[in-house]
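Have the sequence and the 3D view open side by side.

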Amino acid sequence: MRTAVKLLIGLAASLACAWISHGPLGRGQALVDGLERQARAAVARGQLPGISVRLGRSPLSRNATLSGPANDLQREGLGSQMGLSDYVREVPGIGGVRWADEPARERGALPLFAETLILAVLAYLIGLGLGRLLWGRPRREGFA
Amino acid sequence: MINLAENNLVLLILVLVIGLLVALWVFRGRSGASGGPEGNALHDEFAAATQDVAGEILSVDAHPNIPDPKGPPDNLQLLKGVGPKLAAQLNEFGITRFDQLAGLTENEVALLDRRMGAFEGRIARDRLVEQACYLERGDKDGFEAKFGKLGG
């Protein structure tokens, strides 16, 4: 079997594992749920009533969208004073923050599934690289 | 991203292992570590041992079972160490293709080598089976990495 075919079979298996983990096993949904809980707690620190935060659900993403009555100062803060966006941005794992009534100023995060696939491809390549270090050294023996 | 990686730690370890296994499959295959046809080393050893012992006990002159060629002949002189005379000698035993050579078991190689006359022992010594394994599956890169440039 050709080397390229073997590598593609491995890649397909890796991507399939990523899909199973993200979808059927629910790791993607669990991550977004966890991040949303933390983002809500962060918004609560701002002590501003009527503000809600949600993360992308269709497709799942780590991008947070804030909504509710808040002026620019409350939203973005001033100097060392943090705004609501900053509180949410500080949550580890949040990809980006925007307000529902504003055009997106930050580049939106990739869908979570795409990020998971990228991670899986990177891990696969690292595995291949380690394998090459372990078993791929060309050994020329005779006839050369 | 770190948070995402932590969330998918099991997946990442699993995929890393897949990468390692594929690397093992690719690079071990290339280096021909099994020393013979792929995937049958254990069976070959068992069969060779059985045939050796049975042949001696029964005083039977066991002979290699070479399958009929399944296609047009290959240029056996592409194998390192095989010239026109050795190629002709192999042809006399019905070996005209790389897949026939690649399919020989260790025991069959030993039996054939004894009948090679002036070329006795050359199949094993020149690792013709291992060479043929590469050429049979069209792995020119693997062949050249191990045995040097493929000649004409």
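A:Gly93 is partly exposed in this predicted model, because 18 other C-beta atoms lie within 10 Å of its own, and the partly exposed class falls between 12 or fewer (exposed) and 20 or more (buried). The residue sits in the loop between α4 (84-89) and β5 (96-99) of chain A. Which residues does A:Gly93 touch, not counting those up to four places away in sequence? They are A:Leu35 and A:Arg62 in chain A, and B:Asn3 and B:Leu4 in chain B. A:Leu35 is 58 residues from A:Gly93 in sequence, yet the two are 7.0 Å apart in space, C-alpha to C-alpha.

Strands of a sheet pair through backbone hydrogen bonds, either parallel or antiparallel. In chain A, three strands form an open sheet in the order β1-β2-β5, and the pairing is mixed. The edge strands are β1 (52-57) and β5, each of which pairs on one side only. From one strand to the next, the twist averages 30°. β1(A) and β2 (residues 60-67) of chain A run antiparallel and are joined by five bridges. A:Arg57 has A:Leu60 in β2(A) as its bridge partner.

Helix α2 (residues 27-45) of chain A lies across β1 and β2 of chain A and runs at about 165° to β1(A). This helix also meets another one. Two packed helices are described by the angle between their axes and the distance between the axes. For α2(A) and helix α5 (residues 112-135) of chain A, the axes come within 11 Å and cross at roughly 120°. The two helices are therefore oblique to each other, and their crossing is right-handed. Where they meet, A:Gly28, A:Leu31 and A:Val32 come from α2(A), while A:Leu112, A:Phe113 and A:Thr116 come from α5(A). By class, the residues of this contact are four nonpolar, two polar and no charged.

Definitions and conventions
Residues numbered from 1 in each chain as written. Chains lettered and ligands numbered in written order. Predicted model: local features only at pLDDT ≥ 70, side-chain atom pairs only at ≥ 80, totals over all residues. Helix = DSSP H or I, 4+ residues; strand = E, 2+ residues; numbered from the N terminus. Contact = placed C-beta atoms within 7 Å. Pairing = 2+ DSSP bridges. Axes fitted to C-alpha atoms, helices over the stretch in contact; angles between N-to-C directions. Parallel < 35°, antiparallel > 145°, perpendicular 65-115°, else oblique. Left-handed = near helix turned anticlockwise from the far one by under 90°. Nonpolar A, V, L, I, M, F, W, Y, C, P; charged D, E, K, R; others polar.
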